[in-house]
Amino acid sequence: MTILPVIPTSPDQPDAVKTRRRPTMPPRHLADLDLAARKEAVTTLGEPAFRAKQISTHYFGRLVRDAEAMTDLPAATRARLAGDLLPTLLTPVTELACDDGATRKTLWRLHDGALVESVLMGYPDRVTACVSSQAGCGMACPFCATGQQGLTRNLSIAEIVDQVVYLAGVAASGAVTGSPPRLSRVVFMGMGEPLANYPRVIEAVRRLIAPAPEGLGLSQRHITVSTVGLVPAMRRLIAEELSVTLALSLHAPDDDLRDELVPVNQRWKVAEVLDAAFDYAAQTGRRISIEYALIRDVNDQPWRADLLGRLLRGKLAHVNLIPLNPTPGSKWDASPKPVEREFVRRLREAGVATTVRDTRGREIDGACGQLAASEVTEAGAGGAATIAEVAQ
Ligand code: SAH
């Protein structure tokens with residue numbers, strides 16, 4: 001593990017911010033607005049409308065986040081825009097790297113002192129950003145480190161987008177060893193429950209997929225929204241007619257256990273949540289990803305694999321098994337490898353596509369417990385790394 005030097009990028013955020021303040025939403029930022037609203041904002045500032053496109057090209061096209069670096073703008077304009085449309089939202093606290101620089105985690109302090117994390121993961125053919133959608137999380141899943149913290153607040157659209165733009169800049173700088181210098185995937189698998197911050201997450205997705213200079217121009221298929229299974233929000237997502245990849249954190253095929261592992265199951269049961277997920281798959285034609293953290297002697301029994309297989313057989317779904325990353329002080333541990341292999345075997349025997357996520361990034365994962373590795377590798381002997389549609 002390497003601790004990277006933190007570059008002080010926020011002169012407007014002195015050390016005093018280290019003490020937590022009352023959670024509040026941040027000031028407005030360019031990335032909160034679509035292009036039309038940006039035009040309105042710059043004209044209100046007394047600038048010509050074309051400035052909207054100009055700063056958008058800097059921010060989304062060239063990944064320049066700091067107005068001072070937009071040197072083709074007159075100094076007075078830069079100052080006005082910096083104050084009104086480019087406030088510093090994210091201040092890096094620590095940056096950690098492992099896997100020879102291919103995995104990097106950034107801990108951010110937000111304007112009100114709240115802390116969130118993002119992770120950048122490089123692979124030979126792609127670079128993936130794992131971003132947070134909330135500071136903390138209100139879903140209280142007992143095996144998840146963020147779940148133990150409770151919810152501090154929702155992130156703004158721009159706080160989400162700015163994580164991605166920053167990480168895209170890191171990728172573009174060539175800093176991700178052995179990977180292409182371009183961010184191509186985003187997974188909402190950092191802190192928070194994305195569908196509990198629904199309108200902002202959807203707007204952030206719209207910003208990520210809009211072509212430059214309005215947005216980052218990423219492919220929808222390469223964006224994954226992961227949820228504990230908030231059924232009404234899943235239904236709303238179906239109505240958006242987006243085609244992002246949906247990941248459902250199932251973790252148990254039966255209500256008894258899922259009520260405990262994913263407490264929101266007490267409200268929306270396994271059958272209901274799977275129905276919503278299958279409807280999403282039918283609407284988008286895209287396979288859903290069923291996330292299942294394998295926990296020793298808790299949810300890894302052969303009968304649970306068989307039950308999961310029966311629930312998913314013939315559906316547009318695949319299972320992504322995650323070896324549990326134990327959180328500090330947790331009574332739970334990952335399943336032994338032979339148990340994991342048997343779980344995989346039974347699912348595949350039922351005709352369900354199944355992958356096991358690799359454990360990349362664990363070394364820098366201690367503080368969070370859930371921002372572990374991302375993509376998956378084929379389980380079983382000699383399985384070559386495969387690219388699953390979904391990552392953590
Ligand atoms: N709230 C969303 C997204 C954030 S968590 C969700 O629950 O889907 C991203 C994934 O990491 C989820 O599948 C979550 O269940 C899983 N996860 C959380 N803590 C973990 C841990 N300690 N070990 C392995 N996976 C974990």
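Biologist: Which residues have the most contacts inside the largest nonpolar core, and how many residues does that core have?
Modeller: The largest nonpolar core has 111 residues, and V186 and F188 are those with the most contacts inside it. Keep in mind that this is a predicted model.

Biologist: Okay, and which helix gives the most to this core?
Modeller: That is helix α5, residues 157-172, which gives 11 residues. As background, nonpolar side chains in soluble globular proteins tend to be buried together.

Biologist: Back to F188, what does it touch?
Modeller: Leaving aside residues up to four places away in sequence, F188 touches V131, S133, I160, P194, V201, V205, L208, I223, T224, V225 and S226. There is also a second, separate core of 7 residues, and among its members are Y123, C130, V187 and M189.

Biologist: Let's switch to α1. Which of its residues are buried?
Modeller: In helix α1, residues 35-44, the buried ones are L35, R38, A41 and V42. They sit on the same side of α1, because they cover an arc of only 115° around the axis. In general, an α-helix has 3.6 residues a turn, so residues three or four places apart point the same way.

Biologist: And which exposed residues are on the face of α1 turned away from the buried side?
Modeller: That face carries A36, E40 and T44, which are exposed.

Biologist: What covers the buried residues of α1?
Modeller: The cover includes α2 (50-61), α3 (75-84) and α6 (198-209). Following α1 in the chain you will find G46, which has a positive phi near 85°.

Biologist: Changing topic to backbone geometry. Where is the cis peptide bond that involves P213?
Modeller: It runs from A212 to P213, with omega near 10°. P213 itself is in the loop between α6 and β9 (223-227). For context, most peptide bonds are trans, and most residues other than glycine have a negative phi.

Biologist: What is phi for E241, then?
Modeller: E241 is a residue other than glycine with a positive phi, near 55°. You will find E241 in the loop between α7 (231-240) and β10 (245-249).

Biologist: Is E241 buried or exposed?
Modeller: E241 is exposed, with a relative accessible area of 63%.

Biologist: And H251, what about its phi?
Modeller: H251 is not a glycine either, yet its phi is positive, about 65°. H251 is in the loop between β10 and α8 (255-261). H251 is buried, with a relative accessible area of 5%.

Biologist: I keep hearing about β10. How many of its residues are buried?
Modeller: 5 of the 5 residues of β10 are buried, so β10 is largely enclosed by the rest of the structure.

Biologist: Which residues are on which side?
Modeller: T245, A247 and S249 are on one side of β10, with L246 and L248 on the other, and both faces are covered. In a regular strand, side chains alternate between the two faces of the sheet.

Biologist: How many bridges join β10 to β9, and do they run parallel or antiparallel?
Modeller: There are 4 bridges between β9 and β10, and the two strands run parallel. Within that pairing, V225 stands opposite L246 in β10. Together, β9, α7 and β10 make a right-handed β-α-β unit.

Biologist: And how many bridges join β10 to β11?
Modeller: 3 bridges join β10 to β11, residues 288-294, and these strands run parallel too. There, L248 stands opposite I290 in β11.

Methods:
Residues numbered from 1 in each chain as written. Predicted model: local features only at pLDDT ≥ 70, side-chain atom pairs only at ≥ 80, totals over all residues. Heavy atoms only, no water. Core = buried A, V, L, I, M, F, W, Y, C linked by side-chain atoms within 4.5 Å. Buried < 20%, exposed > 50% of the residue type's maximum accessible area, 1.4 Å probe, protein only. Contact = heavy atoms within 4.5 Å. Arc of directions from axis to C-beta. Pairing = 2+ DSSP bridges. Right-handed = clockwise from strand over helix to strand, strands pointing away.
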